[in-house]
Amino acid sequence: MRLTSLHSTFLLDLQARGRSALTISNYTSDFRRFREYMADAGGKDALSALTLEAVEDFPRWLSGRGLGSNSISRVVSSLSTFCTWLVYKRKIGTSPVSRFI
């Protein structure tokens, strides 16, 4: 399965649960950053690419792009929420993000 397809479904789920347009926009922007990071790291858009190894350097990468610590925390939190949703939907067994935050 493709991460982008799953993330689109995640966003639809957020919308159905009444999350604000700003919240959905933030999740979209944060995931775009993660996709860019994965592309820079030679990663794939496959669910199988979502591993601890793939995400553990993400905060450093964000820092190198000029994001401050509060922004990095929010972006990583967004990724963590998405991964928790993937666990809830039984797409992955455990969240790779929860192992390093």
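At what angle do H1 and H5 pack, and how far apart are their axes? In this predicted model, the two helices pack at an angle of about 90°, and their axes lie 11 Å apart. Because angles of 65 to 115 degrees count as roughly perpendicular, H1 is assigned a roughly perpendicular arrangement to H5. On the H1 side the contact is formed by Leu-3, Leu-6, His-7, Thr-9, Phe-10 and Asp-13, which meet Thr-81, Phe-82, Trp-85 and Leu-86 of H5. By residue class, this contact of H1 with H5 comprises six nonpolar, three polar and one charged residue.

The packing of H1 (residues 3–16) with H2 (residues 21–40) has another geometry, in which the axes come within 10 Å and cross at roughly 165°. H1 and H2 are therefore roughly antiparallel to each other, and H1 passes H2 in a right-handed crossing. The residues contributed by H1 are Leu-3, Thr-4, His-7, Phe-10, Leu-11, Leu-14 and Gln-15, whereas H2 contributes Ile-24, Tyr-27, Thr-28, Phe-31, Phe-34 and Arg-35. Eight of the residues in the contact of H1 with H2 are nonpolar, four are polar and one is charged.

A further contact joins H2 to H5, with the helices packing at an angle of about 95° and their axes 9 Å apart. This angle makes H2 roughly perpendicular to H5. Asn-26, Tyr-27, Asp-30, Phe-31, Arg-33 and Phe-34 of H2 make the contact with Arg-74, Val-75, Ser-78, Leu-79, Thr-81 and Phe-82 of H5. The residues of the contact of H2 with H5 divide into six nonpolar, three polar and three charged. Asp-30, which is found in helix H2, is buried, with a relative accessible area of 2%. When residues up to four places away in sequence are not counted, Asp-30 touches Arg-74, Val-75 and Ser-78.

Helix H5 itself (residues 69–88) consists of 20 residues and reaches 28 Å from its first C-alpha to its last, close to the 28 Å expected at 1.5 Å a residue. The buried residues of H5 are Ile-72, Val-75, Val-76, Ser-78, Leu-79, Ser-80, Phe-82, Cys-83, Trp-85 and Leu-86. These buried residues pack against H1 and H2, and also against helix H3 (52–55) and helix H4 (58–64). In an α-helix there are 3.6 residues a turn, so residues three or four places apart point the same way.

The segment after H5 contains Arg-90, whose phi is near 60°, a positive value in a residue other than glycine. Most residues other than glycine have a negative phi. Arg-90 is exposed, with a relative accessible area of 78%.

Ala-49, by contrast, is found in the loop between H2 and H3 and is buried, with a relative accessible area of 16%; the assignment follows because buried means under 20% relative accessible area. Ala-49 and Met-38 are separated by 11 residues in sequence and by 8.8 Å in space, C-alpha to C-alpha. With neighbours within four places in sequence left aside, Ala-49 is in contact with Met-38, Lys-44 and Ala-54.

Terms used. Residues are numbered from 1 along each chain as its sequence is written. This is a predicted model: local features need pLDDT of at least 70, side-chain atom pairs count only at pLDDT 80 or more; totals for chains, interfaces and linings use all residues. Side-chain values use heavy atoms; hydrogens and water are left out. Axes are lines fitted to C-alpha atoms, for helices over the stretch in contact, and angles run from 0 to 180 degrees between N-to-C directions. Helices (H or I, at least four residues) and strands (E, at least two) are DSSP runs, numbered from the N terminus. Angles under 35 degrees count as roughly parallel, over 145 as roughly antiparallel, 65 to 115 as roughly perpendicular and the rest as oblique. A crossing is left-handed if the near helix is turned anticlockwise from the far one by less than a right angle, and right-handed if clockwise. Contact means heavy atoms within 4.5 Å. Ala, Val, Leu, Ile, Met, Phe, Trp, Tyr, Cys and Pro count as nonpolar, Asp, Glu, Lys and Arg as charged, and the others, Gly among them, as polar. The expected span of a helix is 1.5 Å times one less than its number of residues. Buried means under 20% relative accessible area, exposed over 50%, partly exposed in between (1.4 Å probe, protein chains only).
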